[in-house]
Amino acid sequence: MPENVENIPETGPEAILYALQQLDADKIEAEGKRELADGKRTKRSGAVQKLRIASGLRRNNMSPADFMIEAVPVLPPKFRPFAVQGETLLMGDANVLYKDLMDVRDAHNEERAMFGDKLAGKSRLALYDAVKSVYGYGDAVKPKTKAKDVQGFLKKIVGKTSKFSWMSNKMIAKPVDNVGRSTIIVDPELDMDHIGLPKDLAFKMYAPYIQRRLKQLGMRDAEALKAVKDRTPYAEKALNDVVQERPVWYSRAPQWHRFSINAAFPKIIDAKAIAVPPAPCVGLGADFDGDTINVHVPASDAAVKECREKLLPSSNPFKDRSSGQVMHLPKQEEILGLYTAATSPDNRVYNFASEADALHAIRSGKVPLSANVTINGKG
């Protein structure tokens with residue numbers, strides 16, 4: 001039997017709820033397909049939106065009536081804290097908006113009890129606006145609250161523009177500890193997959209990972225934090241262990257190609273500047289007249305894996321444009337050194353107990369660069 005027309009609400013939220021209950025995903029999809037079949041350009045955008053709505057409803061196992069708010073959830077107190085400054089109580093935006101909503105609700109209930117539903121339309125609209133302000137769809141209903149620029153949840157999260165959202169203000173716009181920047185110096189003793197990181201910078205960037213390592217070794221939270229702050233031998237040992245597992249990636253602006261971003265395993269040095277090997281400088285477009293680079297510690301396991309497997313200079317030896325042409329080649333002083341060693345042969349053979357002893361003798365001038373050197377009898 002057809003529904004009694006007298007029982008169908010005509011105005012208010014009841015009427016909206018009734019209209020939503022008459023819709024389902026099948027009806028919305030059928031209407032969208034019918035509009036697409038008409039072929040009119042003006043209806044195409046709306047038809048596509050209807051098809052998306054139908055798909056979303058099925059995917060989430062929902063009906064249009066489920067979007068009707070019948071009860072406003074109240075967040076637990078720990079998610080809407082307050083603060084005290086001197087004798088002033090700072091309630092927080094959420095608490096203020098919840099209080100306004102409750103005040104408007106009480107006023108609406110009194111007006112409806114006294115005058116009935118038909119004459120309580122304005123207070124019902126005010127109640128609707130108060131709910132919107134809590135969710136963040138609209139402004140606060142009370143003038144004093146609005147004057148204080150109190151914002152609902154969505155306004156807090158999204159912000160007035162994308163540059164001033166909660167995410168941007170709390171994370172992106174703030175300096176973070178796992179990022180460093182400094183002038184670069186050259187260190188020919190480093191291979192292309194290493195970088196010299198000043199100890200002060202390394203402790204700052206790797207602090208969370210050092211603390212975690214110390215906690216894994218049995219330290220309490222406070223002890224691990226103090227050990228990193230005081231740079232105890234345990235903290236230094238943990239730092240040296242962590243840098244072998246977690247490389248950094250470094251870049252130099254304004255270069256914008258894949259060779260301007262490299263990964264490297266840090267070598268802790270007692271210096272203020274960051275030491276880089278000569279080989280990657282070609283891709284970086286860097287020289288040593290005051291150039292700076294940014295250094296980042298990857299946080300997630302996936303980022304660490306990508307640094308190890310894709311961003312090390314040894315993993316990117318060839319140029320993009322020239323197939324087979326090597327990117328990281330010796331130049332300038334390196335070429336001169338190779339030329340000198342190759343064109344000035346020395347027939348004498350020097351034997352050393354270790355590689356460090358041989359390097360010390362060469363640097364002190366006791367052994368020519370072109371001489372034949374053996375370590376424990378092995379050339």
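User: What are the ground rules for the numbering and the values?

Analyst: This is a predicted model, in which local features need pLDDT of at least 70, side-chain atom pairs count only at pLDDT 80 or more, and totals for chains, interfaces and linings use all residues. Residues are numbered from 1 along each chain as its sequence is written, and side-chain values use heavy atoms, with hydrogens and water left out.

User: Why are α2 and α3 called roughly antiparallel?

Analyst: Helix α2 (residues 25-38) packs on α3 at an angle of about 155 degrees, with the axes 8 Å apart. Helices (H or I, at least four residues) and strands (E, at least two) are DSSP runs, numbered from the N terminus. Axes are lines fitted to C-alpha atoms, for helices over the stretch in contact, and angles run from 0 to 180 degrees between N-to-C directions. Angles under 35 degrees count as roughly parallel, over 145 as roughly antiparallel, 65 to 115 as roughly perpendicular and the rest as oblique. The pair α2 and α3 is therefore roughly antiparallel.

User: What is the handedness of the crossing where α2 passes α3?

Analyst: The crossing is left-handed. That word applies if the near helix is turned anticlockwise from the far one by less than a right angle, and right-handed applies if clockwise.

User: Which residues of α2 and α3 meet?

Analyst: From α2, the residues include A25, I28, G32 and L36, and from α3 they include A47, K50, L51 and A54. By class, the contact of α2 with α3 has nine nonpolar, two polar and 10 charged residues. Here Ala, Val, Leu, Ile, Met, Phe, Trp, Tyr, Cys and Pro count as nonpolar, Asp, Glu, Lys and Arg as charged, and the others, Gly among them, as polar.

User: How do you know whether G32 is buried or exposed?

Analyst: G32, in helix α2, has 0% relative accessibility and therefore counts as buried. The cut-offs are under 20% relative accessible area for buried, over 50% for exposed, and partly exposed in between (1.4 Å probe, protein chains only). Leaving out residues up to four places away in sequence, G32 touches A47, K50 and L51, where contact means heavy atoms within 4.5 Å.

User: Why are α4 and α5 given the label roughly antiparallel?

Analyst: Helix α4 (residues 93-115) and helix α5 (residues 121-135) pack at about 165 degrees, their axes 9 Å apart. The label roughly antiparallel therefore holds for α4 and α5. Their crossing is left-handed. Among the residues making the contact are L97, L101 and V104 of α4 and A126, L127 and A130 of α5. The contact of α4 with α5 divides into nine nonpolar, three polar and three charged residues.

User: What makes a group of residues a nonpolar core?

Analyst: Such a core is a set of buried Ala, Val, Leu, Ile, Met, Phe, Trp, Tyr and Cys residues joined through side-chain atoms within 4.5 Å. The largest one has 31 residues, and those with the most contacts inside it are I195, Y206, I210, L214, I293 and V295. Helix α12 (residues 233-245) gives the most to this core, with five residues. Apart from it lies another core, of 11 residues, with V96, L101, V104 and V150 among them.
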